Amino acid sequence: MSGRRPDLLAVVLAVLGILVIPLAVGFAPGGWASLGVPCWIALGVIHLTYVYVARGVAVLNRKDDGGRRMWTLAAWAGVSLVAGDLVEICECAYFPPSRFTIIGGNVQAAMTVIAMALLLVGMLRYPSGRTEKGERSRLRLDMATVMGSATTCGLLLLQLPQGETGWRWAIDLTTALLIQPGIFLVALFALVKLFLGNRPPFTRPAAIVTGLAGAVQAVTQAAPAAFYLKPHGGTWVMAGNIVASTLLTVGFRIQWVRNRSHPSGAVRRPRRAYSSLPYAAMAVTWAASVGSMAADGLSWRSWSVITGSMVTTALVIARQVAAFRHIEELLRERDLLAARLTEQAYHDSLTGLANRALFMNRLTELLATGPVTVFLIDLDDFKPVNDSLGHATGDQLLVEVASRLRRCVRAEDTVARLGGDEFAVLAADPTGLLDALTAALNDTVRLGDAEVRLRASVGQATSRPDADDADSVLHSADMAMYAVKNAARSYSR
């Protein structure tokens, strides 16, 4: 499957399809009537090559489930096209030449519809690389906008069935809607997915060639019925079909070459913040509406294009609303993250108290407004608790101390854990607070199955007006706390 022969064959077919068949227009003595069988044989050969190439790409994507499934369905679509070609070869050989000799009969039309359906199913099921639900929804809206615009513009080229009425007319119209824009929409879908998704199914060269194939096919199928029946008009239509199918096969061949150089599957690319493609599509549909009304007035075609323009605009509006909601969610997440980071930066993770940084900031702020009092607290004999009962019990004791300190102070006071078993209280009015802290921190505490004796030394320092800064006040409280601790040790001796 990875040899060089299929690639060379695709190149040869491209040369034949693009150069030899159009040149035959000037040499076919009977116009399209004498080229019916050769052209359908050429299409059959091209579609067989298309099947072979698509199957080869599917094999190369065996490690990528989405890619393998899409290319396998593309190969089966080619099988359906080959079946339609064989039917037309038989019809051209056994029936008189007619318009259906060029565009194909009912069986060939059905095979083409099946092929288009298989291609679209494969592409729709191909993963876009977007993992979040909201992101996938926004991508689908963008793709629906572009595809809706393309379908709307395609209505300008649609040729209504002539000479039929009733159910026959409805069937012919449905067939025209499915076949005429079929390859064009498939190719456009590939381009849209390439430019909007971050996991494109095609490389850029392959998508461009495939899109060109769709453009040629759309122009060919849009030719009016009178052009088909001209001596050389039908030959050009056949040539257009061959060129479009050849370009499609060559586009797949380019993808085959790419997959041989990257056997691991699709290459992801960085996500884009936004795409201007849906807005361009909306602008195109409104321009088509204005042009249609200027040319035909309020005809059925104009109303169809206007309706398509309104649908496309509604999709763009829905996409904008989805984007605004996404932005709102991102802003909410940003605020929550900022609050969480602020909490972590200025609070102790174990007790939830203010940490040293926040304590010093508030101390500095209060010193600018007047005298403040700092209480520095150090737990006595905390290390033996950790050593004998474990650090988990020690942490429980620290949490209990934090809870008791909170109950002793007022709402406007600041309680902080400066580190280890050292705490601090910042108060503008210290009246009675020293006695409350001393009483709260001299007790027996039950922690699980253990009873722990809680003792603490509390030092107090009040700032002097225009004489102390935050560090000096804290240092004074620290010296006072050690004086209390030393006095307690002397007393216990």
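The axes themselves are lines fitted to C-alpha atoms over the stretch in contact, with angles from 0 to 180 degrees between N-to-C directions.

What you're looking at is a predicted model, where local features need pLDDT of at least 70, side-chain atom pairs need 80 or more, and totals for chains, interfaces and linings use all residues. Numbering starts from 1 along each chain as its sequence is written, and side-chain values use heavy atoms, leaving out hydrogens and water.

First, the overall picture. The protein has 18 helices and 6 strands, taken as DSSP runs (H or I, at least four residues, for helices; E, at least two, for strands) and numbered from the N terminus. Of its 493 residues, 46% count as buried, meaning under 20% relative accessible area with a 1.4 Å probe, protein chains only.

Now to α16 (residues 391-408) and α17 (residues 433-440): their axes come within 10 Å and cross at roughly 150 degrees, so the two helices are roughly antiparallel. R404, L405 and C408 of α16 touch L433, A436, L437 and A440 of α17, a contact being heavy atoms within 4.5 Å.

On to α15 (residues 382-389), whose axis comes within 6 Å of that of α16, crossing at roughly 140 degrees. That pair is therefore oblique. Here F382, V385, N386 and L389 of α15 meet H391, T393, G394, L397 and L398 of α16.

Notes:
Angles under 35 degrees count as roughly parallel, over 145 as roughly antiparallel, 65 to 115 as roughly perpendicular and the rest as oblique. Buried means under 20% relative accessible area, exposed over 50%, partly exposed in between (1.4 Å probe, protein chains only).
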